[in-house]
Protein chains: 2
Amino acid sequence: MAFWKGLFNNSSNAIAPSSTSSKEEVLLKKGETQPETKILFSTTRSIDLYELEELCDAVGWSRRPLRKVRKAMQHSFLVVSMWEEKGASRRLIGFARATSDHAFNATIWDVVVHPRSQGKGLGKALINYLIKCLRQEDISNITLFADAEVVQFYNRLGFVPDPEGIKGMFWYPD
Amino acid sequence: MAFWKGLFNNSSNAIAPSSTSSKEEVLLKKGETQPETKILFSTTRSIDLYELEELCDAVGWSRRPLRKVRKAMQHSFLVVSMWEEKGASRRLIGFARATSDHAFNATIWDVVVHPRSQGKGLGKALINYLIKCLRQEDISNITLFADAEVVQFYNRLGFVPDPEGIKGMFWYPD
């Protein structure tokens, strides 16, 4: 059984995006074998689009044009990545991003955790990291649209469906 | 009873925002008195923050710091304003904005129509104008969070609540 040491450390980053504070955080996993496995969360690490596509393929998402994925990432307020590091090897195991007006509202999109890394509390850690980053930027209204099967997951993380009767709505062309 | 001539005309604009096409559209209202009243929709007209605050006051919204309102508008993908023009006088009677990743998703916020201008189809025209602008920018997923009392209004405009069980969710601090 994995033992997670919830030590969050700040470390410096070479690249700082304009809109969010420069930050990485580390979860240490005490492995039975060496080298030790680290889980790293970042808002600043550059993400290879093909590696991201592989991650999205792994959870069965429909493919999207990489040109548009790049544009969406560039125009997201916050892009969070989660990495598994063993010695020199590093693997992208989670991703999420948020759009925002930089003042009041943020909306979380494209939350993905690799199937091999699910069921270990890492999705929860990823979302909590994202929330912490948004709160640091003084965003008070954090929203998302949850597929039916993950409503309970988000509910446990503090997200409330339809508060005061507010409904999430999607426009469909005629 | 007002008679609305649904003639949408394009006209040129001096200021074009980076992310959206430069555009204004006009609805002509045949008034019983002269001069003729025009309703004008714009993505480019500059908006006086105090006039916007007055509009939001008129519908009873809580006041927000103008510094943050300005920031939110600057970082919105699209800001739409609706104006009533009679001769040389011009009045802000409607407003809406959308955040976006400029690629896939947009979320509409802060939709307001002055009480004196409600019940005339202008809210509908404002949202349809906003949708048209977003579609021109190739945004496929147009979303919003509707207060309970306006769910039907948006439903009539093509917005579907909870499609396929997707739930709008809001994060609340512990």
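Predicted model: local features only at pLDDT ≥ 70, side-chain atom pairs only at ≥ 80, totals over all residues.

Residues are numbered from 1 along each chain as its sequence is written, chains are lettered from A and ligands numbered from 1 in the order in which they are written, and side-chain values use heavy atoms, with hydrogens and water left out.

**Stop one: chain A**

Select Trp61(A), Asp110(A), Val111(A), Phe145(A) and Asp147(A): of the 35 residues lining the largest pocket, these lie nearest its centre. (A pocket is an open set of points on a 1 Å grid over the protein atoms alone, where a 1.4 Å probe fits, with protein on both sides within 12 Å along at least five of seven lines; lining residues have an atom within 4 Å of a point.) The volume here is about 1200 Å³, meaning the space filled by probe spheres set on the points, which are joined across faces, edges and corners.

Now colour strand E6 (105-113) of chain A, one of the elements giving two or more residues to this lining. E6(A) supplies the largest share, six residues.

**Stop two: chain B**

Jump to Trp61(B), Asp110(B), Val111(B), Phe145(B) and Asp147(B), the closest to the centre of the second largest pocket among its 31 lining residues. About 1000 Å³ of space lies in this one. Finish on E6(B), which gives the most to the lining, with six residues.

Terms used
Helix = DSSP H or I, 4+ residues; strand = E, 2+ residues; numbered from the N terminus.
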